[in-house]
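Dear colleague,

Please find below the structure that I promised to hand over, together with its sequence. My notes on it follow.

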Amino acid sequence: MQKDQSPQVPPRIRTPQTQENAQHSTQPDAQLSVSRPSCEFSQSSLDDNSDDYEDPDFINPSVHSMKTPGRDMSLQVPGGIKGRYNSFCSDDDELDDDNDDDPTSGLSTVQGSVYLPATGRLSSASKEDSSQHAAVIKMGWLDKNPPQGALYYQRRWVRLDVDYLRYFENDKDVYSKGIISTAYITNVTSVGELKFEVATNNRTFIFRAESEADRNDWVTILQDCNRGRHPRSTMSPGLLLNPDYHGYLELKGLRSKLYTVVASDKVYLYKNMDDYRIGVGITSIEMNVGNVKDSERRNFDLTTPYRIFSFIAESDQLREQWVDAMRNAIGEALSNSEVADRIWAESSNSACADCGAPKPEWAAINLCVVICKRCAGEHRGLGPSISKVRSLKMDRKVWTEELIQVFLLIGNERVNSFWAANIPPSEALMPSSCSGERRRFITNKYRQGKYRKYHPLYGNQRELNNALCINVQCTDVLETLSLIFCGADVNCSTGVASWPSPLSLAIAHSQLLQAELLSHNLNTELPQSHVGGAMEAVHYSAPPCVSHNGFLFKTASMARAISERKGKEEFSRRWCVLNDGTFSYYESDKNSNPNGALKASEIVCLAVDAPDKHGYENTFELYSESERLYLFGTDDPEGHREWVKSIAKNFIPASAEPLLRLGFVRIGRLKCKDGLNLQTSKVGWFALVGSTLHAHLENGQGEEIHLRKLNELSIQQDNEVLVLVEKGRTLYIEGERKLDFSGWCAAIQRAAGSGGDTLGQQQLTETDIPVIVHSCIGYITQCGLTSEGIYRKSGVNSRVAAQCEKFRSDARSVHLREGEHQVDDVSNTLKRFFRELEEGLFTSEDASSWLSAAAIQDESMKISQYQLLLNRLPRVNKATLQALINHLYCVQRFSDLNQMNLHNLAIVFGPTLFQTDGKDYTAGRAVEELIEHYTLIFEVDEQQLKKQLEEITAIIQMREKLSTKFPSTEPGGHFICTVYLEEIKNTAEQHVKIPGAMTAAELTCEVLDRRNILVKDKEYWSCWEVSNKEEMERPLHYLERVLPILHAFGTDSHLLIKKHLAMEAMILYLTSKADASKHGNMKFREERSILGLGLTSGSFHDRYFILNSSSLRMYKEIRSNRPERDWPVKNLKVYLGIKKKVRPPNCWGLTVVCESVKQERPERQQWYLCCDTQTEMREWFATFLSIQYEGNVWPQDGLKLTRVSRVVPDTRHGNVSLIPLRGSENEMRNSVAAFSQDPLALFRDVR
């Protein structure tokens, strides 16, 4: 389809309707048995210089039959009649048709367009339907000259209306052979005998009448029409310059396309776009009798009672747009704008009451709101018992004068003062809102009544009914609506026998508008307004309209956070009133004009200060949308609680109502991002309670974030983003306003820190172990298990005290590193923590019971008692005790090295854990027995414990080896690492010892040898570096050393041995290349950090790349002279694959990593390249590999000949992974040391 490129007015295309909103057929499926004569066509006949134009037949040539509910409407045409055919094929101006049958062939054998004999007719509707065209000024038979100046004339039935001069095959036809817009007629003159000319700017049409008088009459009327003596209809040619939709459509059976225009309630057909511009067309189709039906693929049918037009669009998407446009035209044709124009006379009714869309054409007549088409669809979903939806244009009968007056009297603005009195800004609907948002909002607004303004009598059924009976006797219709939808019974008894109902009472008092409103709500389902027997309302999902007043003390509002204490002298006494969602404060309770006011919708945060923070004992802070802070105080704690509760109820939405039941210190609205959707922010309501952040996000359930258990908490002040990282999830909280966001940051930081000296108030790991305990145990396990006298030797007191204070301030920020921290200092830090722990590890309540259990003689009873006491401990205490006893159990297992056996550890930790003076061994005995019977008391998995001890053994052996061999002449240390074969799963893992000189090919052969896998010809087994996090992989070059690759590994990376399926194709490509360079277009995206949080930004852009032996250069386009970027090839690592998070346009992508050193600091850049095909991606990757290794991509003699003699694996290690790449519970196992640079680096950074 081509759009009109006429410069006068750009085309306007309506947004396609959704399938559920599309207007369905109101007529039965129709098929018409048809036949048409064959028409031949020469291209020259469509020459724009022709003097005349008649359109060929464009009816669907396929066989149709028309069915109606009453009878079979198959077209009945006498078979023997031959003569004038009702065809749009003139004698010499035809379009090619797929059917070449002779026009005289029998109807039973010929399939084609409809044709009728001169006396045939399809139905009587052609005469009965007066709506087909505008009022006819003149009509009659005329002879019309054919195109290209032929000598003979064609007899045509000609009809003139104010818009068009139309000519037909006969007087029975509904659709014309041609139309000439009267707006484009420039001259009408008599020429020769009985003839006259109708001239436009581009063409001249000659007609011949049957008499001189008839000719003169036509000329006079056409001239009068051209001079504007007759009034114009609503359909003028000027409107066609602003069609609703237009372009080319193909009709089945034709080899040419017709330019089709949908304008208002009609469809026009033109030979081409030029004819459309000059107002000379084929025919017009009135859509008030039309119906559009989808067909397969690009086809659709426009069905009328007279013909079926079978169109073919250029694509499925355009087909949907055409169908939508034509269905809109049908709706326009069936509508009557009289009511709409009157309703819109009230200015607020010209915008949708729900979303604000302009010119709404629907209304909920019982709710008194004017709404748009999209909102009307959701109203229908509520059912007629809640919302009675009617059209302003099509449902003419329902719109009585009284109902129109009701809508004019109330209007959307006034009625929304009831229905939408308490809409939070975050829930407001927009014209662009999706269907899901509309459905949720409209359900909340009308079914739940969530946003309505509650009547003062709400909940008192008797008083509501009495008020309704009184009010229907006066003119206040809005008050009646408020009473009805707050629970008043429309059918209640008035107590007056002659007027028993409110409706009859309104009629009796001549209140016809009241009666109209009541009549439409006799059976309306009210918004959950059920009340109990005691006339008290049942629980509502919407918060009640809260009112409160009293004296408070207030400081002047501020534009910055409060950093100093405010004395009482800085406060002023103010009378404060909270009513109808507005918090106002007055000079005194005698004043009527407030000094200031805050609407509930303007309040974004409420903070409750700690007692005695300011001069008044109880204070709270209000933060507004306009970045102002209001501080209020009182000495009355009960009044303070009531104010905080009332204000919070006013601005917290019903969806977050559970937050109001919490003892929060801060509550309010923030924007956030989480999960995989990091492009769109969601509005959330948050409440801070102790060390827990409660959140209610949009469309979600309530969540709890335990701040002391976060893995990471960071704040990006410049960009106002708070990052909370917990297990399996990262939450980004954004500050819309600096003032309240800074308060949230400070409060969350305080809550996330250690809140006291009890165990439960510490910063915790995911397993509920205090971070200080986890860090100290991890450091000693890795660096101190061989230290003689560990835990008995004292550290330096000043360093221990400083270390304890750092952990107490923010344990997450403390990283223990070998060389910076001494083993004895760390061990004493751990002991001091437990000795100074408030309530102790065993709790003050149960500590004596633990000591008593140690005196039990029967061992099985003792163990059972210990288990019973263990299960009585709080969650954090139990997890901490198990972690500590596990650690001490491991320490004593290596007592031959550290001299700390079971008894020695018990002597040290007994008094420490039980916080006793150590004068007797009772506490020591209890600790000794906990260590000795560790596996029984804590029900430990023996295999897991064995594996842990083996790993510790391997670490000790490796440290011993380093201490004896460093420095050495060997090329580096050996590592044992986990390598996977073909797939990453436990059953496919191999533990391989990696010498410093081992290449990728040698490692591959090592693993294949272990599994007895023979390498066959044309099999390209390779070692791959796989990153799960980045969703990328890279085959290591067969000469590339493995150990340096391990240096940069994280826990999400793996080594995988598998076949390189594309290697053969890459080798063939490289051998066919004349040179090693490559150039071409690729889509480029750079990895840029948003707010320093690791979020990628931007999108993919087309760039031109040139890769040569020294560099990769990127140009904006092929004609650019200077590159935008230039990277040395030797610094690049190219990976196959792109992570989905960056939304690549396809899956054929490369991830490129550039590593360099600037100012003695390593620098790493990453970006993404997308190719159009898989083949292109392989070619780029092969070229990179070839250049970096000087054409040596694969060993000439194959992989099996690259085996070299290697050191036999040290069997003492067994299958233990010294540095497992899969990760484990201890952070010491999460990274690999760079042995070639610093063999002890692994042990210098332990948390």
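How do the residues of the lining of the second largest cavity divide into nonpolar, polar and charged? Twelve of them are nonpolar, four are polar and none is charged. Please bear in mind that this is a predicted model.

The cavity in question comes from a search of the whole structure, which finds eight cavities of 30 Å³ or more.

Two packed helices are described by the angle between their axes and the distance between the axes. For helix H7 (residues 373-382) and helix H9 (residues 435-447), the angle is about 55 degrees and the axes lie 9 Å apart. Because of this angle, H7 is oblique to H9. The crossing in which H7 passes H9 is right-handed.

On the H7 side, the contact involves Arg 374, Cys 375, Glu 378, His 379, Gly 381 and Leu 382. They meet Ser 435, Arg 438, Arg 439, Ile 442, Thr 443, Tyr 446 and Arg 447 of H9. The residues of this contact comprise four nonpolar, four polar and five charged. In the lining of the second largest cavity, by comparison, there are no charged residues.

With kind regards

How values were computed:
Residues are numbered from 1 along each chain as its sequence is written. This is a predicted model: local features need pLDDT of at least 70, side-chain atom pairs count only at pLDDT 80 or more; totals for chains, interfaces and linings use all residues. Side-chain values use heavy atoms; hydrogens and water are left out. On a 1 Å grid over the protein atoms alone, a cavity is a set of points where a 1.4 Å probe fits but cannot get out, and a pocket is an open set with protein on both sides within 12 Å along at least five of seven lines; lining residues have an atom within 4 Å of a point. Grid points are joined across faces, edges and corners, and a volume is the space filled by probe spheres set on the points. Ala, Val, Leu, Ile, Met, Phe, Trp, Tyr, Cys and Pro count as nonpolar, Asp, Glu, Lys and Arg as charged, and the others, Gly among them, as polar. Axes are lines fitted to C-alpha atoms, for helices over the stretch in contact, and angles run from 0 to 180 degrees between N-to-C directions. Helices (H or I, at least four residues) and strands (E, at least two) are DSSP runs, numbered from the N terminus. Angles under 35 degrees count as roughly parallel, over 145 as roughly antiparallel, 65 to 115 as roughly perpendicular and the rest as oblique. A crossing is left-handed if the near helix is turned anticlockwise from the far one by less than a right angle, and right-handed if clockwise. Contact means heavy atoms within 4.5 Å.
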